[in-house]
Amino acid sequence: MPVRISVHTLLIFLFDLLAVVVAWVGGLLIRFNLIWPAASGFSTSTFLILAALLPAHALACYWAGLYRGIWQFASVPDLKRVLRAITISAVWLLIIKALFFGVSGPMLPRSMLVLYPLLLAAIMCGDRLAWRIWKEYRMYHGLHASGKPVIIVGAGNSGKMLVHTLERRADWRVVALLDDDHTKWGRELYGIPVEGDADALPRMLKKYHAAHVILAMPSASPAAIKRVANIAVGADARVFIVPGIEELMCGRVEIDAMRPIEVEDLLGRESVHIDAAHVHQVFAYRTILVTGAGGSIGSELCRQLAKFEPKRLVLLEISEFALYSITEWFATYHPEVKIIPLISDIRNEARIEEIFSIWHPQAVFHAAAYKHVPLMESGNAWQAVSNNVFGTLRLARCAHRYGVERFVFISTDKAVNPTNIMGATKRLAEMVCEAFSVESNTRFGIVRFGNVLGSSGSVVPKFQAQIARGGPVTVTHPEITRYFMSIPEAAQLVLQAAAQEKNGEIFVLDMGNPVKIADLARNMIRLSGYTEAQISIEFTGLRPGEKLYEELLADTEQTLPTPHPKLRIARSRQVGEDFLENLQSWLEYSIPLDDDTVRRDIQQWVVEYTPSQPETTPLQPETDIHLSWSMEKEKQQDGQRMRAS
């Protein structure tokens with residue numbers, strides 16, 4: 001496409017021709033010590049050569065595309081075009097010397113073959129560089145001086161690009177760089193000093209009166225990011241992070257597409273890599289049922305499963321809004337996946353039977369459960385049993401009867417040595433799956449993990465709401481700890497466990513190191529831009545059924561490795577042969593049992609269950625009108641013996 005000739009382009013063209021004259025005359029003056037030679041014919045021959053150089057140089061500039069670039073943004077490609085044109089002009093000078101200037105005529109100094117192109121390059125490159133510097137100074141200097149002082153951690157390529165980008169923004173002013181590479185200390189990057197490593201952050205924040213830090217470490221390990229982020233957060237700085245190296249290389253985001261650092265970044269967990277080919281082989285082109293499909297884990301499982309080309313996803317959910325939300329997500333992001341949104345309570349036997357008979361799922365992911373510990377502990381114990389145990393039993397029986405290939409039960413670390421109803425009912429549900437794995441052709445698997453960040457009922461949304469209200473942030477105990485992982489990480493590992501060729505095993509996810517909830521609260525307060533003086537932390541005491549420390553394995557269990565480094569197999573005690581029969585009798589007991597009776601009866605099967613004593617039982621009846629199932633059974637047996645005698 002021809003370059004549009006404007007007044008500005010014409011002036012640049014004339015300037016480049018003037019540069020030829022200045023370079024030619026200046027070179028000769030340098031050669032002769034600033035004294036013009038008085039030799040006969042020297043001036044004439046000199047200007048004849050200049051007359052021959054000018055049109056040749058003009059054609060070279062046009063051929064090199066010198067006037068396609070924009071001076072304001074002159075960069076390396078523009079300089080390459082300039083050098084290309086100068087090279088052609090220098091070659092033309094060599095040809096002129098060889099053809100027209102022999103022994104009989106005036107001698108062209110050989111040094112001009114070097115001086116001319118050097119001076120021409122200095123003039124043509126220098127003027128473009130000077131113009132850009134002047135324009136950028138006029139456009140950005142005022143903005144740069146007015147921005148908030150910020151320190152960048154990372155003086156590599158990402159840090160260089162970020163400094164260059166932020167120079168053109170009014171909201172930031174880079175005052176220092178930090179890097180763990182000591183060879184960079186004391187040097188400058190675009191005029192910004194590299195002051196030391198990340199440990200110097202608190203001192204640098206005070207020195208430059210800065211309150212913001214940007215982590216330009218896209219290829220760093222999660223552990224390294226966690227370390228630097230903790231230093232910055234501990235210094236009460238607002239911390240931002242640039243996108244990961246994969247996003248930058250794919251071009252999905254720019255280097256300045258920063259986001260505030262999140263609590264997930266402070267966990268320092270390595271990204272999960274699953275055997276996607278094997279998972280695809282197991283679940284592709286199959287009908288998959290997900291219970292609790294609108295919940296935190298269930299919805300993420302659905303999103304992950306969508307990547308593996310299922311034939312259809314049957315989304316089972318009791319909450320109308322949750323089901324609507326996940327349905328809308330599929331309509332927006334994966335309209336090609338066929339979904340069947342169904343509303344039902346998993347305890348509704350007729351409805352569950354109908355779903356299995358119509359859709360014949362080949363895999364079931366059972367994530368529906370009552371999971372809130374204090375809520376299930378007082379006044380709702382029997383409902384927890386009914387939903388978590390009875391619902392699982394009915395689903396497992398349908399899976400067995402309809403020949404489901406795989407049944408995956410989502411369990412919890414609270415099922416290990418449980419002290420609360422929720423954990424005990426989850427352990428009972430695990431035992432249901434273990435019992436069915438013995439007598440069924442369906443491959444049953446249990447996946448046990450701890451808390452997931454951002455899930456419904458998690459402390460993270462609770463803390464966020466409390467911080468938004470101005471505090472205080474309530475923590476039950478200063479020493480309470482929990483295991484955490486992200487929702488996508490948990491869902492991916494569930495799929496990896498579900499694809500294992502095992503039956504009746506309890507898979508334990510690698511949860512990393514436990515996190516103090518008090519430390520989590522402090523970090524969230526700081527990440528929100530506050531100090532503990534502004535938003536305080538209050539300790540309220542352990543709630544009913546709550547433990548200080550969660551465990552991933554019961555005392556009697558041992559683990560075995562799997563092909564995946566973040567999955568292990570827990571071996572638990574064997575389930576009795578009459579377990580399902582006795583459990584069924586208890587679950588079908590017609591009268592709802594009170595909390596204390598439920599606790600007493602569960603201990604018959606979950607011997608490691610040690611109930612904590614709730615401080616209050618607000619929904620407890622004034623008089624105990626219920627008999628425990630075991631006492632009722634003994635009474636019936638005594639009656640049978642009396643009639644027999």
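Mentor: Arg599 and Asp596 form a salt bridge, and their closest N and O atoms are 3.0 Å apart. A salt bridge here is a side-chain nitrogen of Lys or Arg within 4 Å of a carboxyl oxygen of Asp or Glu. Keep in mind that this is a predicted model, where local features need pLDDT of at least 70, side-chain atom pairs count only at pLDDT 80 or more, and totals for chains, interfaces and linings use all residues. Residues are numbered from 1 along each chain as its sequence is written, and side-chain values use heavy atoms, with hydrogens and water left out.

Trainee: Where do Arg599 and Asp596 sit relative to each other in helix H20?
Mentor: They are three residues apart in helix H20 (residues 595–602), so about one helical turn separates them. Helices are DSSP runs (H or I, at least four residues), as are strands (E, at least two), and they are numbered from the N terminus.

Trainee: And is Arg599 buried or exposed?
Mentor: Arg599 is buried, with a relative accessible area of 5%, whereas Asp596 is partly exposed at 40%. Buried means under 20% relative accessible area, exposed means over 50%, and partly exposed lies in between, using a 1.4 Å probe and protein chains only.

Trainee: OK, how many salt bridges does the structure hold?
Mentor: The structure holds 25 salt bridges. One of them joins Arg448 to Glu430, with the closest N and O atoms 2.7 Å apart. That pair links distant parts of the chain, 18 residues apart, with Arg448 in strand S13 (residues 443–449) and Glu430 in helix H15 (residues 421–439).

Trainee: What about the accessibility of Arg448 and Glu430?
Mentor: Arg448 counts as buried at 1% relative accessibility, and Glu430 counts as buried at 0%.

Trainee: Which residues are linked in a network of salt bridges?
Mentor: That network links Asp413, Lys414, Arg482, Lys547 and Glu550.

Trainee: Changing topic, why is helix H18 described as largely enclosed?
Mentor: Helix H18 (residues 517–527) has 11 residues and eight of them are buried, so the helix is largely enclosed by the rest of the structure. Among the buried ones are Ile517, Leu520, Asn523 and Met524. Following H18 comes Gly529, whose phi is positive, near 90 degrees.

Trainee: Last one, is Leu11 buried or exposed?
Mentor: Leu11 is exposed, with a relative accessible area of 54%, and it lies in helix H1 (residues 7–31).
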